[in-house]
Amino acid sequence: MPILHSKYQGPPFFYFNGHFETIIPSIRRKIVGVSYERERIETPDDDFLDIDWVRRGNNRLLVVSHGLEGDSGRHYVTGLAKLFGQNGWDILAWNNRTCSGEMNRQKILYHHAASYDLRSVIEHANNKYDYDQIGLVGISMGGGQTLRYLGESDFPLPKNVKGAVAISAPCSLIESAATLNLRVNKVYEQKFLVKLREKIKKKAIQFPEIDVSRMDTVKTLKEFDNLYSGPIHGFKDAKEFYEFCDPYPFIKNIEVPILLINALNDPLLEGNCYPYQLAEEMPNLYLETPKRGGHVGFILAKSEFTYSELRALEFLNEEKD
């Protein structure tokens, strides 16, 4: 039963609660010294993905999937890139559609179930280079994408994908999405909405059939997903959209070792986002639920890197059967 006792003791004293632990690193944390080489790849549906490499001729590759409205330049991605790059890994940080600074060609954007794009990224890496080991790290939404990718049964997992880490992952998307209805979480919801509104307006220029006349009436993320995210991706409403995107049903199918780090004071996680029962049943699911950490926080007082980044390196460096 790999439910782990976390060694994380918490952040410095002035991080008073999970909101401070979430917001302060998001605003203030900077990682220097990471220089990417960008490559644009084509997708099977005649679209493109921008992927960012740090290549040093290593035989191990880390593939990093970012969070909602993030990109490869976010501190939690560059932190992983710098740490793993210093420890014998090449890096591939991919950008979801519309997240690399340019609108994609197709009508769709991206979502928590966009594991098909993660699949394209890994297939491209394997076709272009010969890596002995590929490790995956997904953060927040990227964690959900990673869980789904590993648990899908309609394609064979590449043999060199040896393990994965999901950090602050909304394992139960329906329950996680509901946390944004809480008054204390409105700051996160509005941050996402500001960016998503602008993307839909740009997408409507490409596809005039997208009606943005009601955009100013949208006050919540659920309303946005009812009007836009759901229908654009082929769903009737937000509920159907969330049910499809939920990674929880896929976790039980995962066969490679996976570490899930979700803090108990994460303001955006609830219920089955802490899958204790699955961890008791699955010998390869290592569940770590520290009391502190916030959402994608896990700050350490005397380290450039976060606890979750250091744990990801430790876990993926271990020999896997």
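Helices (H or I, at least four residues) and strands (E, at least two) are DSSP runs, numbered from the N terminus. The structure is a predicted model, in which local features need pLDDT of at least 70 and side-chain atom pairs count only at pLDDT 80 or more, while totals for chains, interfaces and linings use all residues. Residues are numbered from 1 along each chain as its sequence is written, and side-chain values use heavy atoms, with hydrogens and water left out.

**The largest pocket**

A pocket is found on a 1 Å grid over the protein atoms alone, as an open set of points where a 1.4 Å probe fits, with protein on both sides within 12 Å along at least five of seven lines; its lining residues have an atom within 4 Å of a point. Grid points are joined across faces, edges and corners, and a volume is the space filled by probe spheres set on the points. The largest pocket has a volume of about 940 Å³. Its lining has 50 residues, and L68, L180, F192, L221 and L268 are the closest to its centre. Helix α6 gives the largest share of this lining, eight residues. At least two lining residues come from each of α1 (18-28), α2, α5 (173-178), α6, α7 and α8.

Buried means under 20% relative accessible area, exposed over 50%, and partly exposed in between (1.4 Å probe, protein chains only). In helix α7 (residues 221-232) the buried residues are L221, F224, D225, Y228, S229, G230 and I232. An α-helix has 3.6 residues a turn, so residues three or four places apart point the same way. The cover over the buried residues of α7 includes α6 (186-206) and α8 (238-245). After α7 comes G234, with a positive phi near 95 degrees.

Helix α4 (residues 141-151) is largely enclosed by the rest of the structure, because eleven of its eleven residues are buried.

In strand β4 (residues 60-65), six of six residues are buried. In a regular strand the side chains alternate between the two faces of the sheet. On one side of β4 lie R60, L62 and V64, on the other L61, V63 and S65, and all are buried. Two strands pair if DSSP finds at least two bridges between them. β4 pairs with β6 (residues 133-139) in the parallel sense over six bridges, and V63 stands opposite L136. β4 also runs parallel to β5 (residues 90-94), joined by five bridges, with S65 opposite W94.

**Nonpolar cores**

A nonpolar core is a set of buried Ala, Val, Leu, Ile, Met, Phe, Trp, Tyr and Cys residues joined through side-chain atoms within 4.5 Å. The largest has 34 residues, and V63, L92, L136 and L150 have the most contacts inside it. Helix α3 (residues 115-128) gives the largest share of this core, four residues. Another core, of 28 residues, lies apart from it and includes Y76, L80, W89 and I139.

Most residues other than glycine have a negative phi.

How values were computed. Contact means heavy atoms within 4.5 Å.
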